[in-house]
Amino acid sequence: MSERDTQGADPIVDLRLTYIDQRFPGRLSDDQRQQVRQRLLKLHESASVLERFPLENAHEPAPVFHPTRKEQE
Amino acid sequence: MNADRSTLAFASIRQLGALLREGKTTPTELVHYYIDRLERVGRQLNAVVTITADLALREAKRAEEELAAGHDRGPLHGIPYGAKDLLATTGIPTTWGAAPLRNQILSPDATVIERLRNAGAILVAKLAMVELAGGLGYNQPNASLTGPGINPWNQEAWSGGSSSGSGSAVGAGCVPFAIGSETMGSILSPAGYCGVAGLRPTYGRVSRSGAMALSWTLDKLGPLCRTADDCGLVLDAIAGPDPRDPSTLDALYQYRPDRDRSAGFRLGVLHQGVADAQPEVRDNFSRTLDELSRIATLEEVTLPDFPYGPMADIIIRCEGAAALESLIVSGQVNELTAPEDHHGGYPGLTIPAVDYLRAMRIRNLMMTELDSLFARYDGIVHPSHGLVASPLDMTFDAYRGQVRWSDLSAAGNLAGLPAITMPNGFGERGLPTGVQVVGRAGADNRILAVARSYQAQTDWHLRRPSL
């Protein structure tokens, strides 16, 4: 996967904004929509920074999965 | 009452306990005293949501009878306190600071409430907080159904948040201690801004059962008190494993100040970001280092290089959007106080799972490296905040720019590390400054020992606002 480039973020940000519009039709005013877009852009920038961090296949996420086994009564 | 009433407001838990056991006051008298102060001063500071007078008087009567009968539950017995209004209390509204939830009643009692009752402490008030613990990205002090949290030291300034009422009520002497919660700064911010001690325990030390969830992997509950010693007393009562919260640590916790040393500490000093702090914050920190050098050897440290801010951003926004999804989807967010909170939850709903998991994978590596660093020290010290509390009428973006968290705050919270803030002087507009000590995971007692020793040789924690 190629690195995301913040410079080229607009199409992805706009897609995410479209998702919000589709899921919540008519919910946002123009001004709110602009502020949501700014926030989406920041999240995209944060994600882009993280994408540049070198990770290997074996690197697991912080919470370790534990299978549940309820004791029999 | 034989006790001098003027000293009660700012008495420590140990001092109040001595007055109770010497028969110089009673739990009922203390309840009346603090409720009166909450009504007169606490409400003026927008620190109060609900005063629990009937419950408090019942609990006070019980404490009185038990103490008279020689049944002593320990240092919190008969001591009134306030709880951030995100802790469930049976039969009493739990608003999460949010106007649309002003009539929400949750049960059973949060584990913390239950444990404090078992320790004999008396709930006198549910305290104000930033709506939904700030999970929707508020950008101004006026973000709560009770109005902006007001600072007891300067009523034109913010109290900090999201545990705003916990900070200002303790700072104003309206309760001897309060419980707050922290996801990313919500105990250390109000405690630091209001000039009191605030302890963020190790993640999992205190059960969150019955507390509003904002971020399951980041939320912590902890005390705000007059002194570091009081923080230890409260932690002792509320810590411990809880089957109702699977994140709680198995290890039992005991606060034993008599077993800790009071000098000979080894402290790391983090200078990162200090140059950007306000001049008074820098000066006070410099003086604090001189004071700490009498009880510790100091070594300059730097944090390992990780993208702390972006990690915190993705994790909080994603978990927050999931935790608060029903309020966002239902449109109830439109009834919140801060206009930016009406739409602040939508972006988090669009975070790809892969982005969240990448942040959590980096977080895992970060925790290992941070543990190696913190293992070498009893604590790492840093100013609690680079800036004193913001003016009430200013947005955070305008006051401090768009950076919400220092690297140490993000790192400490992401790694679940304990931290304590203590007052260390005053800055612009007469507002308190603070110093924080962050410790290795599980080393709550060690940072409490450092903080106690610091407070034993300074008197910033004894200063009082004129109210």
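**Grounds for the terms used**

Author: In this predicted model, chain A and chain B bury about 2,800 Å² between them, with 65% of that area on carbon and sulfur atoms. Arg27(A), Leu50(A) and Phe53(A) supply 21% of the area that chain A buries against chain B, more than any other three residues.

Reader: How many residues does each chain bring to the contact?

Author: Chain A brings 29 residues and chain B brings 35 residues.

Reader: Why is the pair Arg23(A) and Glu325(B) called a salt bridge?

Author: The closest N and O atoms of Arg23(A) and Glu325(B) are 2.8 Å apart. The term requires a side-chain nitrogen of Lys or Arg within 4 Å of a carboxyl oxygen of Asp or Glu, and therefore the pair qualifies at 2.8 Å. The count between chain A and chain B is 3 salt bridges, and 13 residue pairs are in polar contact.

Reader: Which helices of chain A each supply at least two residues of the side that touches chain B?

Author: They are helix H1 (10–23) and helix H2 (30–51) of chain A. H2(A) gives the most, with 12 residues. The residues on this side of chain A divide into 15 nonpolar, 5 polar and 9 charged.

Reader: What makes residues of helix H5 in chain B count as buried?

Author: A buried residue has under 20% relative accessible area; Thr111(B), Val112(B), Ile113(B), Arg115(B) and Leu116(B) are buried in this helix, residues 111–118. Their cover includes strands S2 (80–84), S6 (177–182) and S8 (220–225) and helix H8 (228–238) of chain B.

Notes. Residues numbered from 1 in each chain as written. Chains lettered and ligands numbered in written order. Predicted model: local features only at pLDDT ≥ 70, side-chain atom pairs only at ≥ 80, totals over all residues. Heavy atoms only, no water. Contact = heavy atoms within 4.5 Å. Buried area = accessible area lost by both parts, 1.4 Å probe. Polar contact = N/O pair within 3.5 Å; in protein donor to acceptor, adjacent residues only side chain to side chain. Helix = DSSP H or I, 4+ residues; strand = E, 2+ residues; numbered from the N terminus. Nonpolar A, V, L, I, M, F, W, Y, C, P; charged D, E, K, R; others polar. Buried < 20%, exposed > 50% of the residue type's maximum accessible area, 1.4 Å probe, protein only.
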